[in-house]
Amino acid sequence: MRVSQNQVYDSILYYVRKNSYAYYRANEKVASGKEINRPSDNPEAAGRATRYRTKMSGIQQYQENIGQGKAFLNHADTSLGLAYDLLVSAKEIALSGANANRSEEELLGFAGNVSAIRGQLVTEANAKLNGQYLFAGYKTTQTPYDDSGTYSGDSGTVEIRVGENSKLLLNLPGDEVFGAAGGGIDIFQTLNDLETALTIGDTNGIQQGISSLEAGIDQISAARAAAGFRINHLENVSLSLDELNFDTIALLSETEDADMTEAIMEFSRQEIAFQAAMAASARLLQTNLLQFLE
Amino acid sequence: MGYISTVMDIGLKALGTQQLSMNVASHNIANANTPGYNRQRAVTETTEPLYLGPQGHMGTGVTVSTIERLYDSFTTNQINLQIQSYGSAVAKHPVLRSAELVFNETAGDGLGQALSAFFNAWESLAGHPESSVQREAVLQSGHQLASAFQRTHDQLSTVQVEAERAITDTVTTINNLTAEIAFLNGEIKGSEGGGASANDFRDRRDLLVEKLSENIGINTFESGDGGVTILLAGGMALLESSTYNSLAAAGPIVQLIGGQGNVSDITGRLSAGRLGGLVDARNDHVQSYMDSVNDLAARVAVTVNGLHHDGYGLDGTTNNLFFQQLPLATGPAAVNTGGAAIGPGVVSDPPALTADDYEIRFTAPGSYDVVNTTTGATLTTGAAYTSGGAITDMPGLTVVVTDGASPPAVGDVFTVGIERDHLAAGLVLSSAIAASPNAVAAAGEDPLSVSGAGDNRAALAVAGLGNSQIMSRNTATFSEFYSTVLATAGYDVRNAESDEALFEFSLQELNSLRDSVSGVSIDEESLNLVKFQNAYAAAARLINTSVEMLDILMSIAR
């Protein structure tokens, strides 16, 4: 094949340009540390990376939700624990009051104690975290219980999202925990009744109060168990989200980040190829017949 | 029987011939780097021999019969074809590259991030529906999402405007090339009419045809008189002999202006060359990203608005939209023959509204069908038409069709849907929301009279949209859809890039093949110069010898 001047120059230009582009791209990969610097570098992986990023942002949000939910439930659990203790002491008072040998003064004293316990229980039922009343249903900004123990909240149930498709019931409305909603016992009413029974020395009423208090204690225990179960559940979800997040970070890195060893090897390879092309071209350009004709 | 004068004559002819050959070699060397130059060669032949009788013929020397152009028409045609694809890829590549940058999420503040942040803000609001801080955060993320949509729209639109500029420039280039080729056609016909070959004119014209091929898809053929005819794809003539048509660009539309001034739109027929590549990138690829972004904006706004409309703000307000109501677009189809007109349409029920498109088709006199053209579902068949009556068959929408000069004819179609063009650019929060964070609807029921401030049902529902499959006919979430658009933009660039590399390589090969025949080799020409110089010296020697022979002859006579 005949070789003309243009062929020589064009092919040198073509290959030097091609090599220098490959050299440049290899350098970009090493310098940025990324396998994908723009979607076209690997469109499928770039799309995947975007989905991983959305997923991670979602996980972060769910973890935040879970953190807040746990704070809410832990706080509720503490209040319920105190409420439990209060009811247990109310029951002890009632048992003492049920003893037939009690004097009127003693019974009046017991009635005063029960009244104080009710006051403390109102404080616990009005427990609050970050301006949110815990046992108020949806009416989280107004005090759910007044001094007499009358409920002004509602039975609204609040859910939080803890995963793409999973929601968790968070709150314990006051009417379920302390009230008669759902076939339970109205604890404040029970304490009121007990106080009255103690004041007037109504033995039947006191007995009635004891059994109601036992049911109330069970009711609070059940609420605590529910809170505990939810906290436990949130912790489990949080752990699996952590795991998922870890996996997603790894996947994103695998998708997006350059394998440095490979990138540097590639860079060196391109460098050598580029230098070889330049050296060979320089030699080729120096050689022509005119040098040998005198 | 020989003559001294014959020797001298042969010498003279040889001198001239070698000199001419040297001229041609010099011309070759001089034009070694001239683009489009085909090397030339002086073709020598023996002159008419002299009949000597029984001894046979005696040679009478040499002459140049023609100056030949070493031209490979097969490869040249191949190059002209290949360069059309190459031009298309080369022009497409930078347009798609700049469109791709719009979707670069690796930098960290793209539309994808804004979408996630928006739904996360709703999620946080669901955790604290009574908090004014979270409400403010929802508003801010709403503003940010709207401006991310706007930015994406504006950047894509800038890419399109730049592409239109490039289209205009390319059209100018094409017109100049066409005019010049027409001029050269005249020159070549003029000079070759006398039988001579117009090598340099032809080289120049070939180069221009090649350049024209790079710019636009064409078919060329040469007529008997040496003129070249150029047809566009679809057989429309761009140039015949010395008469030519010109192109005109109006935004993304390319027109061919014929001799009688008749204008035809050829945009859809351009597929090759720079012009084809630019038009394709501008009108197909970038426009499809734009359509996707508008669709995304429409469906985010419609679904968020629907749930928000049903929810209640902390201040007890309800039926508020989160994003300002998207404008509707209604209109008669171009084929309509009846005189009826369609009104602008109103959104009657935001929660029921979808971002789908609809058609009201008049299938019989006085009755119509309603079809959802996005899903293909027929919503109503054979409903009775009354002029001026509200048509409520499309969810959330009411439109009115009214008789004009005549009632709607059978076959008439009216289109109804959300105005998609520039939708992403116009997305803003509704004034009710922007003015009052407490109007952001987090509650499922009135928190003042029915539920309470802790009611988070609406917020939870809006936040849930982020994970719902709403896009692509309920098969993809917003962010999945977005990642698909992003990947498409990436694939488009990659295809253009690999096309460019492929065509560049084959063009390089073809050019090499052509240069192998037509290109100048300095080594070869140097060698030729030596050869012709030696021959020239020998011819001069011949003349010298014949003069000496004459001298000898003369001295005998003395």
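Me: I'm new to this structure. How many residue pairs are in polar contact between chain B and chain A?

Reply: Welcome! This is a predicted model, and the count between chain B and chain A comes to 30 residue pairs in polar contact, both residues at pLDDT 80 or more. Several helices of chain B each supply at least two residues to the side that touches chain A: H2 (73–102), H3 (111–127), H8 (457–465), H10 (478–518) and H11. H10(B) gives the most to that side, with 20 residues.

Me: How many salt bridges does the rule find across the interface of chain B and chain A?

Reply: The rule finds 4 salt bridges there. For a case to look at, take Arg2(A), which forms a salt bridge with Glu524(B); their closest N and O atoms are 2.8 Å apart.

Me: And what area do chain B and chain A bury between them?

Reply: First, the general idea: an interface's size is often given as the accessible area lost when the parts come together. Here chain B and chain A bury about 4600 Å² between them, with 49% of it on carbon and sulfur atoms. Of the area that chain B buries against chain A, 11% is supplied by Glu123(B), Leu460(B) and Gln508(B), more than any other three residues. In residues, the contact takes 58 from chain B and 54 from chain A.

Me: Let's turn to Ile552(B). Does Ile552(B) count as buried or exposed?

Reply: The idea is to compare relative accessibility with a cut-off, and exposed means over 50%. Ile552(B) has 54% relative accessibility, so Ile552(B) counts as exposed. You can find Ile552(B) in helix H11 of chain B, residues 522–557. Together with Leu553(B) and Ile556(B), Ile552(B) makes a nonpolar surface patch of about 320 Å².

Conventions. Residues numbered from 1 in each chain as written. Chains lettered and ligands numbered in written order. Predicted model: local features only at pLDDT ≥ 70, side-chain atom pairs only at ≥ 80, totals over all residues. Heavy atoms only, no water. Patch = residues over 30% accessible without salt bridge, like charges linked within 9 Å, V, L, I, M, F, W, Y side chains within 5 Å. Areas by Shrake-Rupley, 256 points an atom, 1.4 Å probe, with all protein chains shown as cover. Salt bridge = Lys/Arg side-chain N within 4 Å of Asp/Glu carboxyl O. Helix = DSSP H or I, 4+ residues; strand = E, 2+ residues; numbered from the N terminus. Buried < 20%, exposed > 50% of the residue type's maximum accessible area, 1.4 Å probe, protein only. Contact = heavy atoms within 4.5 Å. Buried area = accessible area lost by both parts, 1.4 Å probe. Polar contact = N/O pair within 3.5 Å; in protein donor to acceptor, adjacent residues only side chain to side chain.
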